[in-house]
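The sequence and the structure follow.

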Amino acid sequence: MADFDAIVVGAGCAGSVAACVLAREGKSVLLIERGGDAGSKNMTGGRIYTHSLRPVFPDFEDEAPLERKITKERISLVTESENTTVEFASPELGRPENSSYSVLRGPFDRWLASKAEEAGAECIFGITVEDLVWEDGRIAGVRAGEDEITAEVTILADGVNSLLTEKAKLATKPSAHQLAVSVKETIELPEEVIADRFQAAPGEGAAWLFAGAATHGHVGGGFLYTNRESISIGLVATLSDLCTSQVPIYQMMEDFKNHPSVAPVLRGGKLIEYSGHLIPEGGYDMIPTLYADGCLVTGDAGMLCINLGYQVRGMDYAVASGEIAARTVLEALEAGDTSSAKLASYRAKLENSFVLKDLQAYRNFPAFMEGTPRIFNGYPEIAAGIMKSMFIVDGSPVEPIRKKAMAPVKQIGVWTLLKDLRKGVGAL
Ligand SMILES: Cc1cc2nc3c(=O)[nH]c(=O)nc-3n(C[C@H](O)[C@H](O)[C@H](O)COP(=O)(O)OP(=O)(O)OC[C@H]3O[C@@H](n4cnc5c(N)ncnc54)[C@H](O)[C@@H]3O)c2cc1C
């Protein structure tokens with residue numbers, strides 16, 4: 001007989017939710033996390049879209065350490081000194097069914113793990129799972145140091161750099177164009193200063209994404225999220241593209257923080273945290289096999305993440321896939337069959353949920369981004385050129401706007417612009 005019904009590796013969003021759902025149903029669960037505490041190794045931009053939290057934690061708004069409700073969205077195309085911004089604010093962004101909140105992974109992941117523990121899961125921290133235990137060709141548990149612990153099912157929720165999915169023979173190493181590198185700083189500022197700088201109502205805040213000079217024209221972008229008493233700011237750049245960059249990402253980050261539209265927002269702030277992480281960016285086509293005999297893969301370990309430039313999503317997919325994995329395991333335990341044939345329904349359930357429906361819908365987007373570098377090193381300049389033609393008045397005789405605005409467009413070519421537009425619309 002196995003030591004546990006289920007072992008969950010990794011106390012991020014996916015792992016803690018899976019452990020919590022299983023423990024609530026009375027299953028014996030061991031949640032193993034390599035960090036000294038849940039969240040200590042984790043990183044996000046970031047904000048969580050709450051639609052996936054609500055079914056598992058109906059009272060999350062009262063209990064979870066949420067920072068600010070995001071009710072203002074900004075997207076900027078930036079050149080070295082200019083900034084063309086679209087801002088969207090709407091009460092609809094704040095409605096319960098649509099809401100998203102900025103979060104800091106330390107407190108947020110600790111809360112999620114505490115929910116698993118409260119439900120009865122055994123949680124151990126500071127232990128790295130190094131290998132899997134195999135019995136008659138099936139995964140029968142995990143190995144950490146000298147210890148071998150067995151389970152009917154092992155759920156791999158060990159994040160983007162999952163060594164265990166490789167050991168489970170479910171995935172190979174992703175290639176550099178399927179991963180992005182990100183760096184992030186958390187800058188402390190008084191609550192009222194943040195509210196003032198973003199014209200935010202009490203408890204509310206903004207998400208702000210940047211393309212163009214933020215990454216020195218490389219594929220990727222900048223992000224800024226308002227927390228209650230801090231600002232999360234960072235950059236994401238595709239690994240393969242970064243390899244060809246003359247400028248290291250830490251220098252890009254310094255330049256980004258000094259950008260004329262960013263520096264005033266951070267003024268007087270104190271750096272309290274610095275982190276770096278990978279993001280899976282390959283989309284639907286990089287998803288590995290998600291089940292094996294005695295094993296399921298969830299969250300970033302299953303590459304369930306999307307970066308659309310104007311939106312990064314992974315936490316809601318991690319929560320939902322963790323929940324769906326747990327429900328699949330409950331069915332398998334009930335049937336006394338944890339073979340891959342039985343656990344295959346996990347993939348089918350994901351395909352029927354928003355998780356794989358979304359990733360399928362944006363399947364062509366990663367290739368579009370990578371194949372259209374002009375988004376990062378051409379269109380921000382065009383946008384600024386058009387704005388200048390509209391707003392700069394220097395006393396010289398006026399030309400019709402259509403003529404002035406066309407001048408920057410002609411630098412790239414109208415046909416190229418239309419083709420990019422068509423490709424973009426097709427990929428979204
Ligand atoms: C810069 C950045 C910005 C982002 N912004 C957003 C955003 O705004 N919104 C959003 O929804 N998503 C965002 N994401 C994506 C999101 O953070 C991830 O998709 C999400 O964290 C995945 O959750 P997870 O539980 O699958 O993995 P993780 O959160 O990575 O958790 C994996 C856990 O497994 C542990 N672990 C790993 N290996 C082992 C092992 N061998 N033994 C024991 N424990 C192990 C790790 O320590 C970690 O705690 C962002 C990501 C980054 C990097």
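## Cysteines

A disulfide is a pair of cysteine sulfur atoms within 2.5 Å. The model discussed here is predicted, and it holds 0 disulfides. For C20, the closest cysteine sulfur belongs to C123 and lies 9.5 Å away, so the two are too far apart for a bond. C295 is likewise in no disulfide, since the nearest cysteine sulfur, again that of C123, is 19 Å away.

C20 is buried, with a relative accessible area of 1%. C295 is buried as well, and its relative accessible area is 0%.

## Domain arrangement

The domain assignment divides the chain into domain 1 (4-65 + 104-174 + 282-361), domain 2 (177-280) and domain 3 (368-427). The C-alpha centres of domain 1 and domain 2 are 28 Å apart. Across this pair, 19 residues of domain 1 are in contact with 20 residues of domain 2.

Q178 is placed in the loop between α5 (163-167) and β11 (179-188). Residues up to four places away in sequence aside, Q178 touches I279, P280, E281, G282 and M286. Q178 counts as buried, with a relative accessible area of 19%, because buried means under 20%.

## Contacts between separate stretches of chain

G15 lies in helix α1 (residues 13-24) and is buried, with a relative accessible area of 0%. Apart from neighbours within four places in sequence, the contacts of G15 are V8, G10, L31 and A157.

P96 is found in the loop between β5 (83-89) and β6 (100-102). P96 is partly exposed, at a relative accessible area of 44%. Leaving aside neighbours within four places in sequence, P96 is in contact with T50 and R54. A further pair is P96 and E61, 35 residues apart along the chain, whose C-alpha atoms are separated by 9.6 Å.

## Backbone geometry

Most residues other than glycine have a negative phi, and most peptide bonds are trans. Which peptide bond is cis, and what is its omega? The bond joining G45 and G46 is cis, with an omega of about -15 degrees. G46 sits in the loop between β2 (29-33) and β3 (47-49).

D136 is not a glycine, yet it has a positive phi of about 50 degrees. This residue is in the loop between β8 (131-135) and β9 (138-144), and D136 is exposed, with a relative accessible area of 85%. K169, also not a glycine, has a positive phi of about 60 degrees. K169 is located in the loop between α5 and β11 and is exposed, with a relative accessible area of 67%.

## Salt bridges

Side chains of opposite charge can pair when their charged atoms come close. The structure holds 20 salt bridges. In one of them, E87 pairs with R74, and the closest N and O atoms are 2.8 Å apart. This pair links distant parts of the chain, with E87 in strand β5 and R74 in strand β4 (residues 69-78), 13 residues apart. E87 is partly exposed at 41% relative accessibility, whereas R74 is buried at 13%.

D358 forms a salt bridge with R313, in which the closest N and O atoms are 3.1 Å apart. Here helix α13 (residues 354-361) contributes D358 and strand β19 (residues 312-313) contributes R313, the two being 45 residues apart. Both D358 and R313 are buried. A further salt bridge joins the side chains of D420 and R374, at 2.6 Å from N to O. Because D420 lies in helix α18 and R374 in helix α15 (residues 374-377), the pair ties together parts that are 46 residues apart in sequence. D420 is buried, with a relative accessible area of 5%, while R374 is partly exposed at 25%. Elsewhere, E63, K115 and E118 are linked in a network of salt bridges.

## Nonpolar surface

Which residues make the nonpolar surface patch of about 620 Å²? The patch is made by M406, V414, W415, L418, L421 and V425. Helix α18 (residues 414-427) gives the most to it, with 5 residues. L418 lies in helix α18 and is partly exposed, with a relative accessible area of 40%.

Conventions
Residues numbered from 1 in each chain as written. Predicted model: local features only at pLDDT ≥ 70, side-chain atom pairs only at ≥ 80, totals over all residues. Heavy atoms only, no water. Patch = residues over 30% accessible without salt bridge, like charges linked within 9 Å, V, L, I, M, F, W, Y side chains within 5 Å. Areas by Shrake-Rupley, 256 points an atom, 1.4 Å probe, with all protein chains shown as cover. Salt bridge = Lys/Arg side-chain N within 4 Å of Asp/Glu carboxyl O. Helix = DSSP H or I, 4+ residues; strand = E, 2+ residues; numbered from the N terminus. Buried < 20%, exposed > 50% of the residue type's maximum accessible area, 1.4 Å probe, protein only. Domains from an automatic or database assignment. Contact = heavy atoms within 4.5 Å.
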